[in-house]
Amino acid sequence: MSPILISRFGDREETVRLEIWATYVTLLTQTRLYGGGSQTRDSVGVKRKRTPDGTDTEETSYTLLQSQVPALAKALLNQLKSPRTPPATLQAGFGLLYTLLQVLPGSLSSQAGLIASISKAILSQPPSTSSSTLHISCLQFNSSFFSTHPPPTFSNSLPVLTPVLLKTLGEKHPRVASEAFKAFSSLLGALKPIRGQDWVEFVYEEAVTRLANHATDAEVRSCAEEIVGDLWLCAPDTVHVKGKGGQEWEHVCRSSGRTDGAVKVVTRVAREADVTEKWINGCVEWATKLLTKSGRTGKADVFECLTILLSRSVLSQLVQIQVLLITDNHRQI
Amino acid sequence: MPANLLRSLIPQLKSYVSTTDISLQSQALSLFALLLQLSPKSTFPEVEREVLEDVYNIAYSPHTSGAALDSVLAFFGALVEADFQIATHVVSSLTRGTPEKAKEVSYPNVAKCVAQVVKSYQALAAGVIAEFSKTLKVRPQVVMLFRLTPFTETFGSTRPLHCSSDSWGDWSFHVRLDPTRQANGHSKSTRSDMSPQQEVFNGAIELFASDQEDVRTAAAFAAGQPFFLSLSSHNLTSSLPGNIAIGNLNLFLPFIVHLVKQDDSKRLLALHALKEVVTHTSTSHLENLAETLWVPLFENSESADESSRGVAAACIGKLITTHPARYLPQVHVCRPEFFLC
């Protein structure tokens, strides 16, 4: 069924084309549920095939789909690359590609260049009331693309893509801005550790600007908090230079409003990043204040955060002592 | 950790040390334990002054179980390790405390807390055993009862004994320390190391006839322990002359097997004792025991009593793992229904 549907991906009638794409999305979703990966050998849809050398190979829905991805991507992207393609069609196309990556992560490696140019064309347009959903779909797909493909696949496309993504980061539309932050989160995670990339500084500054502004939308704020954590984990050199003592944490670690996202980010950074004694003590002080807030919501997370911070505190002291000892030994030598 | 941070953190954490919200209370106690480990000198005085009394009440509470009890144990462990001098005080406070309603005291919890204190400060073990022994008239039962009787006396409860088998393991750990230390340190004779175990064993067997089910259960659990202890001490003292393990094995095991074979009234409890032996014995030791245990256990797997069948089957399963090629075909031929599930 899949090859027949793919052969009609470029159907002349647009409504028919969209119906076919929607059908293919359903097929992909079903493949994901019942496709029979290597761990479900006995599931429905597994077919034995004898190769010329006499050995048996198993044909699952996944392997069949994998073999059809090049034709699928070519047919679909040909429809999307035209500048005259209406936003609804583009959105449906990105929806299909997004679903494909959920079923077969990393399956669009050979199409990175074309995907980047289509994304650039879409994101270069300012999001209007009608096209903001397209921007969101495009950004969601790009997040998925970055997190499911190896960096060499898309590193050549980054000079094309990052400027428009940075522009989208500053958009007023809260969902568009949130998805742009998420796209950068995926990118940071994929490229970790990052050194000497200009766009990292812009991301940092935009995040700090959003966090410092009290009028920032809650979702955008949450994504900005998340990306501060990503920057500390994936681009420590940049934040240590730009951070100037961690001004971003003054905005992340606030006592009023919702603090659940901030607690999680602090916990993650305390657990995984290279942090200083001063930073730990500041965060312990902040978390202690959160314990005084009334209500039970989020208290369990605050306790976990404090546990990690206090454990790191000792580790950090031990490292300092070791550094002092090593320095002292060197001096003696 | 800066002192001012501790000063602000401890009162905040203290407000969660209550039975109002057990989950948060558990996390708060775990944090106190962590603070006591990280900066014992500065945390200990504050905790002793501000928090300790409340933790006693939490330890008494029957609602304290699972993760919450684990955090209480971690707290007592860290507290004692922060300053060993408090260990005696904690043990006496835990056992001398007199809540208004004795029914609201979880004796197993208190026993576990005392055990934790002794584990964290093992030098206290001999003293605690001696202290509790004083209150007991029947010496052979000291090990099993010293975690039980003092509480009933001090709390003035009419219930003579309250116990659960799982608490027993905590005490057995400490009993094991004594013979090992004696054997390593002062070259005491094998016989003198074995004799306390003989007394404990006899005391446990006597309690098989108790009219209280939980006491009988604890006694069955206890009866299985001497083997565990002796086998463990064999591991620890294998370089010493004489073989403590085999000596004790010859001494205790035939009696238990005899009970399984001959005594209808004590059969189930004796099987539970065998289960303890089988469960806690290493595979290499179990290989030696397997032949002795196989026949009585296999016979009981056909017993009319469902509980006996269940315990025997559990033991048989473990025995099979010692020599599958030998035992599995026997089970396959004689008890094919074992393979149905």
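Residues are numbered from 1 along each chain as its sequence is written, and chains are lettered from A in the order in which they are written. Because the model is predicted, local features need pLDDT of at least 70 and side-chain atom pairs count only at pLDDT 80 or more, while totals for chains, interfaces and linings use all residues.

**Exercise 1.** Describe the secondary structure and burial of chain B.

*Solution.* Begin with the DSSP runs, where helices are H or I of at least four residues and strands are E of at least two, numbered from the N terminus; chain B has 18 helices and zero strands. Next, take burial, for which a residue needs 20 or more other C-beta atoms, placed from the backbone, within 10 Å of its own; of the 341 residues of chain B, 42% are buried.

**Exercise 2.** Determine how α5(A) and α8(A) are arranged, and which residues join them.

*Solution.* The axes of α5 (residues 112-124) and α8 (residues 158-169) of chain A come within 9 Å and cross at roughly 25°. Since angles under 35 degrees count as roughly parallel, α5(A) and α8(A) are therefore roughly parallel to each other. Finally, list the contacts, which require C-beta atoms, placed from the backbone, within 7 Å: A:A116, A:S117, A:S119, A:K120, A:L123 and A:S124 in α5(A) meet A:V160, A:L161, A:V164, A:L165 and A:T168 in α8(A).

**Exercise 3.** Work out the geometry of α16(B) and α17(B), and the classes of residue in their contact.

*Solution.* The axes of α16 (residues 283-300) and α17 (residues 306-322) of chain B come within 9 Å and cross at roughly 145°. Among the residues that make this contact are B:W294 and B:F298 of α16(B), and B:R309 and B:C315 of α17(B). With Ala, Val, Leu, Ile, Met, Phe, Trp, Tyr, Cys and Pro as nonpolar, Asp, Glu, Lys and Arg as charged, and the others, Gly among them, as polar, the contact divides into 10 nonpolar, five polar and two charged residues.

**Exercise 4.** Identify which elements of chain B touch chain A.

*Solution.* Start from the totals: 16 residues of chain B are in contact with 16 residues of chain A. On the chain B side, the elements giving two or more residues are α1 (3-14) and α2 (22-38), and α2(B) gives the most, with nine residues. By class, this side has 10 nonpolar, five polar and one charged residues.

Definitions and conventions: Contact = placed C-beta atoms within 7 Å. Axes fitted to C-alpha atoms, helices over the stretch in contact; angles between N-to-C directions. Parallel < 35°, antiparallel > 145°, perpendicular 65-115°, else oblique. Buried ≥ 20, exposed ≤ 12 C-beta atoms within 10 Å, placed from the backbone.
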